[in-house]
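Good morning, and thank you for coming.

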Amino acid sequence: MTTSPIVLDSPAVVRESVISPSTLLRLAALTPAVLLVHGFHPFADDAGIYVAGVRKLVDPALYQPDAAFVVSNTHLSLFAHVLAAVVRMSHLPMAAVLLATHLVSIYLFLVAGWWIANSLFKRAAERWFAVGLAAACFTLPAAGTALALMDPYVTSRSFSTPLGLFALAAVIERRWWLAGTFVVMMGLMHPLMAIYAAGLVLFYLALDTGRVRVAALLAGAVVAAAGMMGLMSHRIPVSPAYFATMHRPGRAFLFPTEWKWYEDLGLIAPLTLFGLGALLSKPAGRIRNLCMACLLTGVSSALAAFLFVHPTGPYLLVRLQLLRSFHILYLAGVLMLGGWIARVLAYRESTRWVAYAMLAAAAGGLFCAQRATYPYSSHIEWPGMRSRNPWAQAYRWIRTNTPPDAIFSADPDLGERDGVDMQGFRATAERSLLADNKDQGVAAVVNPLLAEEWMAQRNAQLGIDSLSDMQRLARLRPFGVTWILLPASAATNFPCPYKNLAAKVCRMD
């Protein structure tokens with residue numbers, strides 16, 4: 001496998017037709033640097049949901065009472081099934097498999113980013129700076145969508161995202177069947193995100209083949225289809241429980257009309273930059289086509305969301321989370337921005353340091369953001385290490401000292417409590433837990449049929465930390481609860497065989 005020699009200062013450098021071994025090695029060397037900057041939290045936040053599903057597939061005896069919530073994310077995706085097969089065949093601890101999987105996903109992300117950069121930029125410095133900026137922005141939030149470009153843990157997006165970038169790179173190089181194959185593979189990992197990647201691919205295809213009118217009609221069709229779906233679902237009855245799943249504080253990201261001004265800016269700024277990029281780039285060139293495709297994708301999805309997605313309903317379009325289309329737009333935008341910065345700054349001695357300072361600032365800023373997000377946990381939670389987080393310590397004690405069929409109850413806001421760092425109870429403790437506010441997202445977006453069950457279990461646990469033991473028994477016994485997780489300061493006469501500075505584990509006798 002050979003490539004033409006690359007001369008940095010030549011504007012007429014031939015692009016690499018294949019990824020050379022030296023490029024692959026450099027990207028492999030960059031992979032652990034991304035891990036060190038952005039951290040790793042294998043059981044936190046959304047990973048807690050996905051990992052619990054994997055554990056359930058590996059050991060069906062787990063999570064019997066709360067199985068409906070645990071397995072909801074495994075029905076439409078192959079991700080959990082593939083990861084469960086890896087765990088079974090490797091006989092390795094879950095944390096070790098998750099770390100290895102995370103490193104693989106980082107590497108694929110970098111390879112995909114390099115492929116796009118290679119397709120867009122002629123000079124090696126531009127390509128590498130584009131990949132470097134993508135690596136520095138690995139955990140950058142995408143507007144107000146509650147998504148990062150990539151997560152510091154493993155979910156189905158860990159692989160759907162690189163596959164979406166592979167599809168985009170393939171369509172830029174007019175390898176259309178390969179682009180379609182990647183979109184299908186992405187759909188097997190994360191069907192919803194594949195829809196938006198497919199939309200961007202189709203817009204680019206139309207523009208690249210000179211069908212500008214088709215691209216414009218496609219944008220209009222997106223808005224019209226959203227309007228028709230809104231009208232068709234307008235009269236679908238909404239139960240009080242399902243309404244409650246949609247409107248808990250902290251879920252404003254579902255409704256763009258409730259976004260803060262800086263979240264709206266997260267939509268306006270990239271669209272403005274795409275417009276400028278289209279105006280300033282070479283006519284009919286790849287960068288111009290990509291900027292226009294991103295602009296059409298973003299404008300059409302934003303119009304559809306702001307016109308037809310409202311807190312009062314209907315809620316069919318809410319479940320599609322139309323503005324998550326900006327996830328792949330941010331990825332494409334970061335790569336193009338990185339190449340542009342290198343083109344403007346990297347070839348002059350007087351300005352080169354500015355480019356590197358911008359790269360360092362992006363990496364440093366997101367490193368600090370990750371430390372602020374998980375202040376009570378280690379930046380990298382290595383397999384086998386003792387957790388710094390006292391709540392995670394309690395979860396691990398539960399895993400080794402309570403019966404496998406134990407059913408736990410805790411404050412529904414447990415994951416968002418100060419000091420918990422969004423550490424997932426089920427994923428860490430391997431024990432059942434009554435539905436909490438993280439399960440609300442499952443009921444709201446994935447399976448609305450769970451709304452009544454979620455509301456009943458959530459309501460039974462409201463204020464549990466300050467209730468009397470008799471009130472706890474009256475509320476929780478109907479759900480079969482045998483153990484309760486409380487803050488260390490909560491009053492109870494139940495026997496509590498484990499206690500640390502933050503939490504205690506009590507048996508409901």
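**From the whole chain to single residues**

The chain exposes about 21,700 Å², and carbon and sulfur atoms supply 68% of that area. Please bear in mind throughout that this is a predicted model.

Let me begin with the overall build. The chain has 21 helices and 5 strands. Its radius of gyration is 24 Å, close to the 23 Å that the globule rule gives for 509 residues, so the chain is as compact as a globular protein of that length. Taken along the principal axes, the C-alpha atoms fill a box of roughly 75 × 55 × 40 Å. Of the 509 residues, 57% are buried. If we consider contacts between residues at least 6 apart in sequence, 70% of them join residues at least 24 apart. As for charge, there are 41 positive and 29 negative side chains, and the centres of these two sets lie 7 Å apart.

I turn now to the aromatic residues. How many aromatic pairs does a search of the whole structure find? The number is 15. One of them is formed by Trp115 and Phe166, with 5.8 Å from centre to centre and 50° between the planes, a tilted arrangement. This pair links distant parts of the chain: Trp115 belongs to helix H5, residues 94–120, while Phe166 belongs to helix H7, residues 157–172, and the two are 51 residues apart. Both Trp115 and Phe166 are buried.

A second pair is Tyr242 with Tyr315. Their ring centres are 6.1 Å apart and their planes stand at 80°; since an angle over 60 degrees counts as edge-to-face, this pair is therefore edge-to-face. Here too distant parts of the chain are linked: Tyr242 is in helix H11 (residues 240–246), and Tyr315 is in the loop between helix H13 (286–308) and helix H14 (316–320), 73 residues apart. Are these two tyrosines buried or exposed? Tyr242 has a relative accessible area of 10% and is buried; Tyr315, at 5% relative accessibility, also counts as buried. Ring pairs join Tyr242, Phe243, Phe255 and Tyr315 into a cluster.

The buried residues of H20 are packed against helix H3 (67–70), H11, strand E1 (407–409), helix H19 (437–446) and helix H21 (469–476). Among the buried residues in H20 are Trp454, Gln457 and Arg458. Just after H20 comes Gly463, with a positive phi of about 70°.

Finally, I would draw your attention to the loop between helix H6 (124–136) and H7, where Thr155 is found. Why does Thr155 count as buried? Its relative accessibility is 0%, and buried means under 20%. Leaving aside neighbours within four places in sequence, Thr155 is in contact with Asp46, Ala47, Tyr50 and Phe79.

Most residues other than glycine have a negative phi. Ala143, however, has a positive phi near 50°, and Ala146 has a positive phi of about 65°.

Thank you for your attention.

Conventions:
Residues are numbered from 1 along each chain as its sequence is written. Side-chain values use heavy atoms; hydrogens and water are left out. Helices (H or I, at least four residues) and strands (E, at least two) are DSSP runs, numbered from the N terminus. The radius of gyration is taken over C-alpha atoms; the globule rule is 2.2 Å times the number of residues to the power 0.38. Buried means under 20% relative accessible area, exposed over 50%, partly exposed in between (1.4 Å probe, protein chains only). Contact means heavy atoms within 4.5 Å. Accessible areas come from the Shrake-Rupley method with a 1.4 Å probe; for residues, only the protein chains shown count as cover. Lys and Arg count as positive and Asp and Glu as negative; His and the chain ends are not counted. The place of a charge is taken as NZ of Lys, CZ of Arg, CG of Asp or CD of Glu. Rings of Phe, Tyr and Trp (its six-membered ring) pair if their centres lie within 6.5 Å; planes under 30 degrees apart count as stacked, over 60 as edge-to-face and the rest as tilted.
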